[in-house]
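This report describes selected local features of one protein chain. Sequence and structure are shown below.

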Amino acid sequence: MAKGERRVLLVLGDYVEDYEAMVPFQALQAYGVSVDAVCPGKKAGDICRTAIHQLFPAHQTYSESRGHNFALNATFDDIEFNKYDGLIIPGGRAPEYLALDASVLELVRKFSDSGKPIASICHGQLVLAAAGSVKGRKCTAFPAVRPVLVAAGAYWVEPETMLACVVDGNIITGATYEGHPEFIRLFVKALGGNITGSDRRILFLCGDFMEDYEVIVPFQSLQALGCHVDAVCPKKKAGEICATAVHDFEGDQTYSEKPGHNFTLTADFEALDVSSYDALVIPGGRAPEYLALDEKVIALVKQIVEARKPIASICHGQQILAAAGVLQGKKCTAYPAVKLNVVLSGATWLEPDPIDSCFTDGNLVTGAAWPGHPEFISQLMSLLDIRVSF
């Protein structure tokens with residue numbers, strides 16, 4: 001591995017789990033790692049359909065619904081193994097058929113034989129088993145994958161919770177996306193990464209039908225760095241959930257919406273000590289429309305601004321900043337439909353072209369939409385002096 005440079009491969013397929021594809025993809029890019037996302041039989045620019053898998057107490061197994069469309073940024077047939085320092089295999093239903101693909105299995109064996117890090121999560125371990133890469137290795141996975149791993153000669157490690165991760169040599173395995181923070185942190189370590197400045201406390205301002213990616217990607221990315229991250233919502237307590245929305249472009253004149261994952265809050269809004277946090281993150285989606293009407297939310301935002309602490313807001317989140325009157329004299333961007341709010345609040349509008357554009361003005365980071373997460377998270381890391389070096 002070249003000092004200071006890392007490139008990893010993310011192998012996807014249709015109906016890969018939505019979080020398990022996008023969170024590591026964008027988190028690692030935010031840390032400065034190049035990530036190529038590929039799928040056999042598809043080219044750069046093609047999409048993979050994703051699946052939202054969730055466990056509910058009333059059901060004996062997970063549910064499935066449609067997630068975002070994932071745009072590939074590289075072509076499977078163009079892969080040059082020697083260019084890559086590590087491999088990631090997400091879960092979902094895609095591994096069921098990827099495990100039957102000879103070209104995928106050959107690729108996995110190359111990584112396994114070379115000793116380069118392999119990180120596989122949930123059902124992704126089906127591919128490792130098919131490639132013969134788990135024999136004699138300690139592994140965990142989503143519990144339903146246990147019989148295959150045992151039959152393939154692995155030493156099964158029962159996941160005590162769905163956050164569980166296991167390391168054996170160059171192979172990192174995780175049970176589900178709930179364990180992403182440790183899963184990603186272990187992979188960064190295996191790539192030779194060193195994280196500094198992670199003793200930060202960061203608050204997320206959440207609401208029902210916030211955009212799914214816009215909460216989970218920065219939330220778990222910052223947790224993976226070792227930060228203490230809390231998520232709150234007015235009138236809700238720790239352990240309660242917020243519904244999320246999947247916003248995507250599918251050929252219509254504006255974004256489509258589908259139900260997203262449920263997001264579990266970690267702290268009580270009413271019991272907050274806002275002064276104990278080093279930064280505030282505001283996801284987009286539809287939640288900011290009503291959060292901007294809440295006087296306690298406005299007071300919280302003003303307190304952060306008056307303390308001169310960083311705020312990172314994305315997409316429709318800037319509706320809250322505009323309502324709080326804290327954009328006067330600032331340069332910022334947002335989802336284009338929020339331009340009116342931004343301009344009327346006295347800010348200078350920065351056109352988000354392309355849509356992944358993000359900007360920093362003083363202690364304010366603004367982004368237009370979730371495709372810009374790598375830069376959005378990276379710019380917040382800079383304000384908080386959090387660094388990942390290789």
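Helices (H or I, at least four residues) and strands (E, at least two) are DSSP runs, numbered from the N terminus. The model is predicted: local features need pLDDT of at least 70 and side-chain atom pairs count only at pLDDT 80 or more, while totals for chains, interfaces and linings use all residues. Residues are numbered from 1 along each chain as its sequence is written, and side-chain values use heavy atoms, with hydrogens and water left out.

## Helix α12 and its end

Helix α12 covers residues 373-384, twelve in number. From its first C-alpha to its last it reaches 16 Å, close to the 16 Å expected at 1.5 Å a residue; the expected span is 1.5 Å times one less than the number of residues. Just after α12, Asp-385 adopts a positive phi of about 60°.

Burial is defined by relative accessible area: buried means under 20%, exposed over 50%, and partly exposed in between (1.4 Å probe, protein chains only). The buried residues of α12 are His-373, Pro-374, Phe-376, Ile-377, Gln-379, Leu-380, Met-381 and Leu-384. An α-helix has 3.6 residues a turn, so residues three or four places apart point the same way.

Setting aside residues up to four places away in sequence, Gln-379 touches Cys-358, Phe-359, Thr-360 and Val-365, where contact means heavy atoms within 4.5 Å.

Strand β11 spans residues 171-174 and is covered on both faces. Ile-171 and Thr-173 are buried on one side, and Ile-172 and Gly-174 are buried on the other. In a regular strand the side chains alternate between the two faces of the sheet.

Two strands pair if DSSP finds at least two bridges between them. Strand β7 (residues 118-121) is joined to β11 by four bridges, and the two run parallel; Ser-120 stands opposite Thr-173. Strand β10 (residues 165-168) is likewise joined to β11 by four bridges, but this pair runs antiparallel, with Val-166 opposite Thr-173. A hairpin is formed by β10 and β11, with two residues between them. In its turn, Gly-169 has a positive phi of about 65°.

## Lys-138

Lys-138 belongs to strand β8, which comprises residues 138-139. With a relative accessible area of 48%, Lys-138 is partly exposed. Its contacts, not counting residues up to four places away in sequence, are Tyr-155, Val-157, Val-166, Asp-168 and Thr-173. Two of these residues also feature in the strand pairing above: Val-166 stands opposite Thr-173. The C-alpha atoms of Lys-138 and Gly-153 are separated by 9.6 Å, at 15 residues apart along the chain.

## Aromatic pairs

Rings of Phe, Tyr and Trp (its six-membered ring) pair if their centres lie within 6.5 Å; planes under 30 degrees apart count as stacked, over 60 as edge-to-face and the rest as tilted. By this rule there are eight aromatic pairs. One of them joins Phe-204 and Phe-219 edge-to-face, at 5.3 Å centre to centre and with 80° between the planes. This pair links distant parts of the chain, 15 residues apart: Phe-204 is in strand β13 (residues 201-205) and Phe-219 is in helix α7 (residues 212-224). Phe-204 is buried at 0% relative accessible area, and Phe-219 is buried at 5%.

Phe-219 also pairs edge-to-face with Phe-263, at 5.2 Å centre to centre and with 90° between the planes. Here the link runs from helix α7 to strand β17 (residues 256-264), across 44 residues. Phe-263 counts as buried because its relative accessibility is 4%. Through these ring pairs, Phe-204, Phe-219 and Phe-263 form a cluster.

## Charges over rings

A charge sits over a ring if NZ of Lys or CZ of Arg is within 6 Å of the ring centre and within 35 degrees of the ring normal. Lys-116 lies over the face of Phe-81, at 4.1 Å from the ring centre. Arg-201 lies over the face of Tyr-277, at 4.7 Å from the ring centre.

## Cysteines

A disulfide is a pair of cysteine sulfur atoms within 2.5 Å, and a search of the whole structure finds zero. The sulfur of Cys-48 has its closest cysteine sulfur in Cys-39, at 3.8 Å, which is too far for a bond. Cys-48 is buried, with a relative accessible area of 0%.

For Cys-233, the closest cysteine sulfur is that of Cys-242, also 3.8 Å away and too far for a bond. Cys-233 is buried as well, with a relative accessible area of 1%.
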